[in-house]
Amino acid sequence: MTFPLSKTAIAVGGAMLTLTAGAALASNGQGLGSDPIRIVMPYGAGGSTDITARIIAANAAEHCGTRIDVVSMPGAGGMEGLQFVADAEPNGHTILMADYSATITQTLTEDTPWEVEDWAPIVHLTDWKPTVYVKADHDIQSIDDWIEMAEANPGSLVFGHADPLSLVHLPLVLLEQETGIENVHLPTTGGGETRTMILGGHIDLGMTLPPSIVANVNNGEVTAIGVFADERSDVLPDVPTFQEAGYDVSFEAPLLVYTFGTVPEEIQEQLAECIMTGLESDTAQAMGQQASAGLENVQGRDSAREVYAQTTERVRDVIASLDLD
């Protein structure tokens with residue numbers, strides 16, 4: 001899923017270059033070494049994940065003792081990026097940042113050279129809140145409108161989303177299982193294409209993350225009708241959760257930093273510590289707020305491992321309930 005490159009992304013990128021230039025000469029003396037650290041993302045550049053990675057690069061470099069680069073590898077549905085990290089020397093200088101779509105869903109549904117347990121989550125950055133939206137002049141303007149129209153006309157509404165079985169698709173599957181409604185699922189190339197099709201009136205509904213549509217909501221182009229999360233989004237505080245509307249469906253997507261499992265525990269701990277220290281700075285928090293990145297409560301390895309295990313179990317259960325043959 002990609003988002004347009006904004007002034008925020010440009011500003012963060014500029015800050016990264018400024019803050020990491022001197023940090024490349026530093027050494028933390030704790031075993032990480034002075035080679036650059038690469039944060040690999042299995043997505044295109046310019047999205048919310050990319051911006052978050054650049055905030056890390058801008059603020060954690062001095063604490064990690066070396067330059068931090070952000071590398072986008074969206075090829076092969078994200079598998080190219082995961083393969084690159086898995087194949088890298090296990091010294092902590094090539095790490096992954098991703099939601100569950102790459103490390104869990106694709107690993108469970110495709111033939112990969114690794115298992116879910118081969119990925120070692122080290123930092124729990126935030127939890128993305130999948131959000132359903134429509135064009136502002138569509139007949140659907142609420143969750144109840146959608147359910148009522150879908151029940152009255154099964155299979156008549158087209159729902160666009162990127163990456164089947166991803167964080168912008170699995171919540172829809174869960175809602176359909178709970179309510180019995182039927183929608184036409186239309187995979188798109190990403191959040192940008194979904195938004196374009198919504199605005200053009202070519203599809204009825206779409207799903208994305210709040211930061212990607214907040215500008216469209218604020219200027220009256222689209223209506224966000226519901227959030228698949230336990231609590232409302234700080235970015236779109238007026239949009240109700242599906243639970244508030246009476247539907248017991250919530251599926252937030254944790255954004256995690258990983259090493260591959262072959263990286264020694266000591267280095268995993270060092271990486272987690274220096275990344276978290278960088279994100280606690282006033283500069284990092286200001287950048288995060290400007291980008292609506294949700295970095296106010298970053299957690300370490302224990303939280304990352306716990307949420308990864310919980311998400312794995314839930315994704316596995318949902319996939320098992322589907323007929324994928």
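This is a predicted model: local features need pLDDT of at least 70, side-chain atom pairs count only at pLDDT 80 or more; totals for chains, interfaces and linings use all residues.
1. The largest pocket. A reader who turns to the open spaces of the model will find that the largest pocket has a volume of about 840 Å³. Its lining is made up of 30 residues, and those closest to the centre of the pocket are Thr-126, Asp-127, Trp-128, Lys-129 and Glu-252. Among the elements that each supply at least two residues of this lining are the strand β4 (119-128) and the helices α8 (210-218) and α11 (301-320). Sorted by class, the lining of the largest pocket holds 12 polar residues, 9 nonpolar residues and 9 charged residues.

2. The second largest pocket. The volume here is about 470 Å³, and 32 residues line this second largest pocket, with Tyr-43, Gly-77, Ser-101, Gln-106 and Asp-163 the closest to its centre. The helices α2 (48-64) and α4 (100-109) each supply at least two residues of the lining, and α4 gives the most, with 5 residues. By class, the lining of the second largest pocket divides into 14 nonpolar, 14 polar and 4 charged residues.

3. In soluble globular proteins, nonpolar side chains tend to be buried together. In this model the largest nonpolar core has 90 residues, of which Trp-119, Leu-125 and Trp-146 touch the most other members, while α2 is the element that gives the most to this core, with 9 residues. Apart from it lies another core, of 12 residues, which includes Tyr-133, Ile-198, Ala-224 and Ala-229.

4. Trp-119 and its surroundings. Is Trp-119 buried or exposed? Because its relative accessibility is 3%, and buried means under 20%, Trp-119 counts as buried. When neighbours within four places in sequence are left aside, Trp-119 is in contact with residues that include Leu-82, Val-85, Ala-86, Leu-96 and Thr-103, and also Trp-114, Tyr-258, Phe-260 and Tyr-308. Trp-114, Trp-119, Tyr-258, Phe-260 and Tyr-308 together form one aromatic cluster.

5. The aromatic pairs. How many aromatic pairs does the structure hold? There are 8 aromatic pairs in the structure. In one of them, the ring centres of Trp-114 and Trp-119 are 5.7 Å apart and the planes stand at 80°, so this pair is edge-to-face, given that the angle is over 60 degrees. Trp-114 is buried, with a relative accessible area of 3%. The aromatic pair of Phe-228 and Phe-242, by contrast, is stacked, with 3.9 Å from centre to centre and 0° between the planes. Both Phe-228 and Phe-242 lie in the loop between β9 (222-227) and β10 (253-260), so the pair ties together parts that are 14 residues apart in sequence. Phe-228 counts as buried, at 0% relative accessibility, and Phe-242 likewise counts as buried, at 0% relative accessibility.

6. A residue in a loop. Where is Glu-221 found? Glu-221 is found in the loop between α8 and β9, and because its relative accessible area is 33%, which falls between the cut-offs of 20% and 50%, Glu-221 is partly exposed. Not counting residues up to four places away in sequence, Glu-221 touches Lys-135, Ala-136, Leu-199 and Asn-216. Of these, Leu-199 is 22 residues apart from Glu-221 along the chain, and the C-alpha atoms of Leu-199 and Glu-221 are separated by 7.3 Å.

Conventions:
Residues are numbered from 1 along each chain as its sequence is written. Side-chain values use heavy atoms; hydrogens and water are left out. On a 1 Å grid over the protein atoms alone, a cavity is a set of points where a 1.4 Å probe fits but cannot get out, and a pocket is an open set with protein on both sides within 12 Å along at least five of seven lines; lining residues have an atom within 4 Å of a point. Grid points are joined across faces, edges and corners, and a volume is the space filled by probe spheres set on the points. Helices (H or I, at least four residues) and strands (E, at least two) are DSSP runs, numbered from the N terminus. Ala, Val, Leu, Ile, Met, Phe, Trp, Tyr, Cys and Pro count as nonpolar, Asp, Glu, Lys and Arg as charged, and the others, Gly among them, as polar. A nonpolar core is a set of buried Ala, Val, Leu, Ile, Met, Phe, Trp, Tyr and Cys residues joined through side-chain atoms within 4.5 Å. Buried means under 20% relative accessible area, exposed over 50%, partly exposed in between (1.4 Å probe, protein chains only). Contact means heavy atoms within 4.5 Å. Rings of Phe, Tyr and Trp (its six-membered ring) pair if their centres lie within 6.5 Å; planes under 30 degrees apart count as stacked, over 60 as edge-to-face and the rest as tilted.
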